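Please take a first look at the sequence and the model below before reading on.

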Amino acid sequence: MSTSSTTPQATVYGYPRQGPNRELKKAIEGYWAGRISAEALYATAADLRRDTWRRLTDAGVTEVPTGDFSLYDHVLDTTVAVGAIPARHRAAVDADPLDGYFAMARGTQEVAPLEMTKWFDTNYHYLVPELGPDTVFAANPAKPVGELREAIALGHTARPVLVGPLTYLLLAKPAPGVTADFQPITLLDRLLPVYAELLADLRAAGAEWVQLDEPALVQDRTPAELSAAARVYRELGGLTDRPKLLVATYFDRAGEALPVLAKAPIEGVGLDFTGPGAANLDDLAAVGGLPGKRLVAGVVDGRNIWLNDLEKSLSVLGTLLGLADRVDVAPSCSLLHVPLDAAAERDLDPQVARWLAFARQKTGEITTLARGLREGTDTVAAQLAANRADLASRAASALTRDPAVRARVAATTAEDARRAQAYPERAGAQRVRLGLPLLPTTTIGSFPQTTDLRTARADLRAGRIDDGTYQDRMRAEVREVIAYQEKAGIDVLVHGEPERNDMVQYFAEQLTGYLATQHGWVQSYGTRYVRPPVLAGDISRPHAMTVDWFRYAQDLTDRPVKGMLTGPVTMLAWSFVRDDQPLADTARQVALALRDEVTDLEAAGAAVVQVDEPALRETLPLRAAGRPGYLAWATESFRLSTSGVRADTQIHTHMCYAEFGAIMTAIDDLDADVISLEAARSHMQVAHELAEAGYPREVGPGVYDIHSPRVPSTEEAAALLRAGLAAIPAERLWVNPDCGLKTRGWPETRASLDHLVEAARLVRAELKG
C-alpha cells in the first residue's frame, strides 16, 4: 500500500522485540551457551520480525518500521552501520561479525565491552559509541537494507529506522585514551557522507521513506548544536539520491529545534504530544505549522500502559490537521518501552484489565484514531463509547484512593525528611559501631539467581512445592551466600536476595496499590527483561517485607549484614506509574511505606541499611527547566524514607549506569552516609566528578563491571581502586562491584569477588607502606 496519500494513516516508530514468550532472549542466550547455531538464531529473529509486521499490518498500520529490531541494542546496530567499531574489537568483528557484535556488547575475558548507560530518561540501556579524532566511518548497510527487503518481500510498505546522525554523535563519548575535551560532534563532516550512502542504499532497496530518530533534539541544545542540526538536515535533505526523510523527535517538546526542522528541506517530522511533549501543540502553531510536510503525531503514550483518552486525542489531532500537509497517528515514541499484549494478563481483575493498553492495544488505539480522523467519529462511535466507560471505571474505582494514606502524607513535615544529626556526627558514631577496616569491601545486594532458584520460584507458583519447601530452599541459598562472603573476606555482607524476583516487583507485590503482571516483559538491556509492576492506587505497607530475611542472615554471622530496599524514585521509575496524580504525591506515599521498613530493620539489629536509587538520574527531566522541581521531591522522598534512624545506623544508597554529572548536587542532597556507583566501564569518571563537586561523604565507585561475563584480574581492580584514590580519600572510599550480581554465574562471581577483595588488601598494604 502506498503512503503518498494525504489522508491520515496509522504508524508506529518501533515495536517490542522479544516475542510473546521472550523467544529472542532464549535464542540469543542459547547461542551464547552453544546450544543453537548462528543460523538458528537468525531464523528466530526473522520469524519474530515477520510476525510483528504481519500483526501491525493486520491491525491497520499502513507503514511498518524496519531496522528497529535488534539482537542487543539499536545504538550498537548504528555503530555497526556506520563502521565505528572500536579498535579493540575490530579483529573480533572481522573474524566473525556476530561474535564481534556480542563482544562489543558484553566484552570477552581479554577485551572490555562498550560503556552502557540509559537511553534518555527511560530504563532502556544503550551501548555508548566510542569515537576519537582518528575514527574513520564506513557505511555497512547489510542490516538496514536486509530487513527492509524482508518486509517488502512479505508485501509490506516499510519505513527503515536509523538513529539520526546528530543524536548518534551527541550520545557518543571520547574513546579510551582520547582526551576528555574531544567533542564527537566535530566528526559530523565525516559521518554525513556515510548517512548519505546508507540513504541511497535504502532507496535502491525500495524505501519510500526513512525515519531518522533524533530524540536529542528534545533536550536543551546550544546554538552551535542547533546550527549543526540545521546543517545536517539541509545537507541530507539536499541529496538527490535519497528517500523521503521523517525526522522523529520524542520524550519531550522539540522546543528550539522545531523551527529548525520546520525550515529544513525534509518531508516529515515526528512530534510527541503526550506528557511534557504536549507543549508541542502550541509550539507548532507558533512556528506556523509544517506546511508541505508530513506530521507524525504521537498522541498515544508509548511509555506507559494506561488506556488512551480517545476523544481527547481526536481533539488534538483535529487541531493538528490545520498545521501540516498530512497528519498521521502514532505513539509518542517506540513501543519498545511497553509490554507486548495486555490480553495475556488473565490473572488481573477484569475491571482493571480494561484500563491497560500494552503494545498491541496501543496499536489498536492508533488505528482507531486514524480511522476516526480520516472517516469521521461516527465510524468509531462504538470504540469511543467503550473507551469512555473504561476511563470512568478507573476514575471511580476504590482501588485508586486510600483516605488513611492520604492523611498520613498530609501530616508529614519538613523535619520528617531530615536526619537528626549532621553527617560528621553520624560518621563518627558509625565508625565506632561498625569497626571496619580502611577500604571496606561489600557488594551491592543480589547474588546469582541460579536456575535452581528460578525453578523453585516457578514450582511455587505452579503449586509443585509448598511455601515451607520454598522457604527452606531460599534459606539454604542465604547460608551459602553468607558462608562464601565470610570465606572471601568481605567486610559488610548481604543475604544475596534469593527470594526476590526483581528489585521493584518484590516490594510492589507486598505493597497495597500495586498490581503485578505475569507477561508484562520489557527490555532493559540485551537479553535482560523486567516486568515493571503497575502502580494503580494509593500505597501502604501492610506488613514488614524484608525483616525476617535480614534476621535470618544476620544470625549466621558476626559481620554486619545490610538491610536491602529499593528507593521511592526507583519504585516509581521502574513501574508503570499512575498518571492521575502528580509523581511527587505518589513518591511520598512510597517513601512513608519504606520508612516503616527501614525503622523495622534498625529495630531488628541492622547497623547498615541500603536504599537503592539507581533511577534517580534516569528520571531527570530532559529539559533543565523541569529539573529543580523534580530533584526537590525526589531527594525529599529518599530522605523521608531514611531519616527515622539513629546516628550510628549507616544509610547506603546505590546508583548505576547513568550520567551522574547533572545531579551532583542532588546526590549530596540525599544525605546518604555511603553511596556506591558504577565506575568500571567509565574508568572512575564518577569518582573525579564527585571530588570536583566537593562531595563530603563515603563513596564506593565500582571496580568490577557486572554486566560483562569477563572476570577482572586483581591488578585490574587494584588499578581502578588506585584511580579512585586519586579522587576520594582512603578513609571515605569503599570497594564494591558496579551493581548487583543477579545476572552473573557463580564461578565468575566467586573469581571476580576474590580478586576484588585481594585488590583491596593489596592497596591497603600500599597505603600503609
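## The open sheet

In what order do the seven strands of the open sheet lie, and is their pairing parallel or antiparallel? In this predicted model, the strands follow the order 1-5-7-8-9-10-11, and they pair in parallel fashion. The edges are taken by strand 1 (64-66) and strand 11 (324-331), each of which has a single partner strand, so one side of each is left without a neighbour in the sheet. From one strand to the next, the twist averages 25°.

Within this sheet, strand 5 (residues 158-163) and strand 7 (residues 209-213) run parallel and are joined by three bridges. Val 163 has Asp 213, in strand 7, as its bridge partner. Elsewhere, helix 14 (residues 359-375) lies across strand 10 (290-300) and strand 11, and the helix runs at about 155° to strand 11.

Arg 253 belongs to the loop between strand 8 (244-248) and helix 10 (257-263), whereas Asp 283 belongs to helix 11 (residues 280-286), so the pair ties together parts that are 30 residues apart in sequence. The two residues can also be described by their accessibility: Arg 253 is partly exposed, with a relative accessible area of 29%, while Asp 283 counts as buried because its relative accessibility is 15%, and the cut-off for buried is under 20%.

Another salt bridge joins the side chains of Arg 388 and Glu 311, at 2.5 Å from N to O. This pair links distant parts of the chain, since Arg 388 lies in helix 15 (residues 381-396) and Glu 311 in helix 12 (residues 310-320), 77 residues apart. Arg 388 is partly exposed, with a relative accessible area of 41%, and Glu 311, at 35% relative accessibility, also counts as partly exposed.

Where do Arg 761 and Glu 758 lie? Both are in helix 28 (residues 746-768), three residues apart, which is about one turn of the helix. Arg 761 counts as partly exposed at 42% relative accessibility, and Glu 758 counts as partly exposed at 37%.

Salt bridges can also share partners, and in this way Arg 419, Arg 426, Asp 668, Asp 671, Asp 673 and Arg 697 are joined into one network.

## The chain as a whole

The chain has 28 helices and 20 strands. Taken along the principal axes, its C-alpha atoms fill a box of roughly 75 × 60 × 50 Å. For 769 residues, a compact globule would have a radius of gyration near 27 Å, and the 26 Å of the chain agrees with this.

Buried residues make up 61% of the 769 residues. The chain exposes about 27300 Å², of which carbon and sulfur atoms supply 52%. Among contacts between residues at least 6 apart in sequence, 80% join residues that are at least 24 apart.

Conventions. Residues are numbered from 1 along each chain as its sequence is written. This is a predicted model: local features need pLDDT of at least 70, side-chain atom pairs count only at pLDDT 80 or more; totals for chains, interfaces and linings use all residues. Side-chain values use heavy atoms; hydrogens and water are left out. Two strands pair if DSSP finds at least two bridges between them. Helices (H or I, at least four residues) and strands (E, at least two) are DSSP runs, numbered from the N terminus. Axes are lines fitted to C-alpha atoms, for helices over the stretch in contact, and angles run from 0 to 180 degrees between N-to-C directions. Contact means heavy atoms within 4.5 Å. Buried means under 20% relative accessible area, exposed over 50%, partly exposed in between (1.4 Å probe, protein chains only). A salt bridge is a side-chain nitrogen of Lys or Arg within 4 Å of a carboxyl oxygen of Asp or Glu. The radius of gyration is taken over C-alpha atoms; the globule rule is 2.2 Å times the number of residues to the power 0.38. Accessible areas come from the Shrake-Rupley method with a 1.4 Å probe; for residues, only the protein chains shown count as cover.
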